Amino acid sequence: MSRFQWCGVLLATAIATAQGPISLEHPAAVVALQGNLAHVQGIDIEGHLLWVSSVDRETRRGFLDVFDARAGTRIRHVEVQDGERFHPGGISLDGDAVWIPVAEYKRASSSVIQKRDKRTLALLASFPVADHIGCIAAGRGRLIGGNWDSRELYEWDMSGKFLNRVTNPSKTSHQDMKRRGNYLVASGPTGPLAGLVEWMEWPSLRVVRSLRVGKTDRDIRYANEGMTVRGRRLYFLPEDGPSRLFLFRLP
């Protein structure tokens with residue numbers, strides 16, 4: 001984390017302590033994605049490329065797509081299910097790989113954590129987990145996965161060796177998360193009307209910054225599912241097809 005970013009965290013911490021979470025209300029940009037998606041689960045972005053995971057419960061299939069984030073056009077599409085495990089969760093880019101958990105569609109079940117080539121989406125490696133993992137954050141040589149609503153967070157090395165398990169004290173139902181330096185940036189609903197994005201120290205999970213976000217003009221919470229952050233840009237993909245990518249500028 002740069003000095004500028006760290007100063008921003010300190011300032012936001014002071015605001016959050018004094019007044020509660022600050023709010024984001026109006027997106028800086030909105031991009032409509034062409035081609036319907038199933039039920040969106042997670043996103044990540046790099047340059048002009050957007051990766052999206054989604055699930056179709058009726059056909060019991062999970063998907064990973066790549067879009068041009070500027071034009072909204074689909075570039076690549078693969079299925080990712082593994083037997084009874086067809087529910088992909090929140091995803092994370094790391095180097096040349098995209099990490100994606102694929103779980104049974106029920107709480108306290110099982111998952112397989114997949115490592116895929118971020119360009120071709122080909123499966124490179126995987127390892128099993130005896131829980132439903134709904135999102136994953138990759139970085140600093142570690143993987144951090146949240147189970148159903150991220151009530152428990154697991155930590156593995158990049159080979160899948162279990163390292164740690166931490167109970168999440170946040171009341172937010174985190175659906176997508178990213179590793180940024182020493183922090184987890186996680187988002188999710190806090191109720192029917194709104195959601196939060198939280199910056200949490202790892203592994204203490206102390207919240208150092210919170211942003212409250214509301215709903216789209218289709219009455220869908222921004223923090224409903226897919227979220228990622230790059231520098232001072234915060235992205236959401238909350239809607240199923242026809243889906244729209246929302247960009248917010250971080251204060």
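Q: Is Arg142 buried, partly exposed or exposed, and what's its relative accessibility?
A: Arg142 counts as partly exposed, at 32% relative accessibility. Buried means under 20% relative accessible area and exposed over 50%, with partly exposed in between (1.4 Å probe, protein chains only).

Q: Before we go on, what sort of model is this?
A: This is a predicted model, where local features need pLDDT of at least 70 and side-chain atom pairs count only at pLDDT 80 or more, while totals for chains, interfaces and linings use all residues. Residues are numbered from 1 along each chain as its sequence is written, and side-chain values use heavy atoms, with hydrogens and water left out.

Q: Ok, back to Arg142. Which side chain does it meet in a salt bridge?
A: Glu155, at 3.9 Å from N to O. A salt bridge here is a side-chain nitrogen of Lys or Arg within 4 Å of a carboxyl oxygen of Asp or Glu.

Q: How do S13 and S14 pair?
A: In the antiparallel sense, over five bridges, with S13 covering residues 142-147 and S14 residues 152-157. Two strands pair if DSSP finds at least two bridges between them. Gly146 stands opposite Leu153 in S14.

Q: What's the strand order in that sheet?
A: S12-S13-S14-S15, four strands in an open sheet with antiparallel pairing. S12 (133-139) and S15 (162-167) stand at the edges with a single partner strand each, so one side of each has no neighbour in the sheet.

Q: Which residue does Arg165 meet in a salt bridge?
A: Glu152, with 3.4 Å from N to O. Arg165 sits in strand S15 and Glu152 in strand S14, 13 residues apart. Arg165 is partly exposed at 45% relative accessible area, whereas Glu152 counts as buried at 18%.

Q: New topic: how many salt bridges does the structure hold?
A: It holds 17. One of them joins Arg119 and Asp96, with the closest N and O atoms 3.3 Å apart.

Q: And what does that pair tie together?
A: Arg119 lies in the loop between strands S10 and S11, and Asp96 in the loop between strands S8 and S9, so the pair ties together parts 23 residues apart in sequence. Arg119 is partly exposed, at 48%, and Asp96 also counts as partly exposed, at 48%.

Methods: Helices (H or I, at least four residues) and strands (E, at least two) are DSSP runs, numbered from the N terminus.
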